[in-house]
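Here are my notes on this model. Please read them with the structure open.

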Amino acid sequence: VWKEILIKPVYIQLVLEFPEFQNDENLKTVLNIIFNKENKFEEWKKLKIDKIVKVLESFWYNQTFKNK
């Protein structure tokens, strides 16, 4: 927990002041930090969007062919 409280804000401030470190994976590795975007959270968002698209497609399909 202390890592989220102390290290992540320092890392974010460092990247804001020195943009060249933004894509530096070595720095993140040394600090041993992982952001949600870099793990399963991004996949979960995509899966949720895919499910919404399937529901909308199904709705559209039903509306289109029920009216004929």
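1. Aromatic pairing. The whole structure holds 1 aromatic pair. F18 and F21 make this pair, with 6.3 Å between centres and 75 degrees between planes, an edge-to-face arrangement. Rings of Phe, Tyr and Trp (its six-membered ring) pair if their centres lie within 6.5 Å; planes under 30 degrees apart are stacked, over 60 edge-to-face, the rest tilted.

2. Exposure of the pair. F18 is partly exposed because its relative accessibility is 37%. F21 is also partly exposed, at 30% relative accessible area. Buried means under 20% relative accessible area, exposed over 50%, partly exposed in between (1.4 Å probe, protein chains only).

3. Basis. This is a predicted model: local features need pLDDT of at least 70, side-chain atom pairs count only at pLDDT 80 or more, and totals for chains, interfaces and linings use all residues. Residues are numbered from 1 along each chain as its sequence is written, and side-chain values use heavy atoms, without hydrogens and water.

4. Core. I7, Y11, V15, L27 and I33 make up the largest nonpolar core, 5 residues (buried Ala, Val, Leu, Ile, Met, Phe, Trp, Tyr and Cys joined through side-chain atoms within 4.5 Å). Helix α1, residues 2-17, supplies the largest share, 3 residues. Helices are DSSP runs of H or I, at least four residues, numbered from the N terminus.

5. V15. Beyond its neighbours within four places in sequence, V15 contacts F21 and Q22 (heavy atoms within 4.5 Å).

6. I5. This residue lies in helix α1. I5 counts as exposed because its relative accessibility is 56%.

Key:
Helix = DSSP H or I, 4+ residues; strand = E, 2+ residues; numbered from the N terminus.
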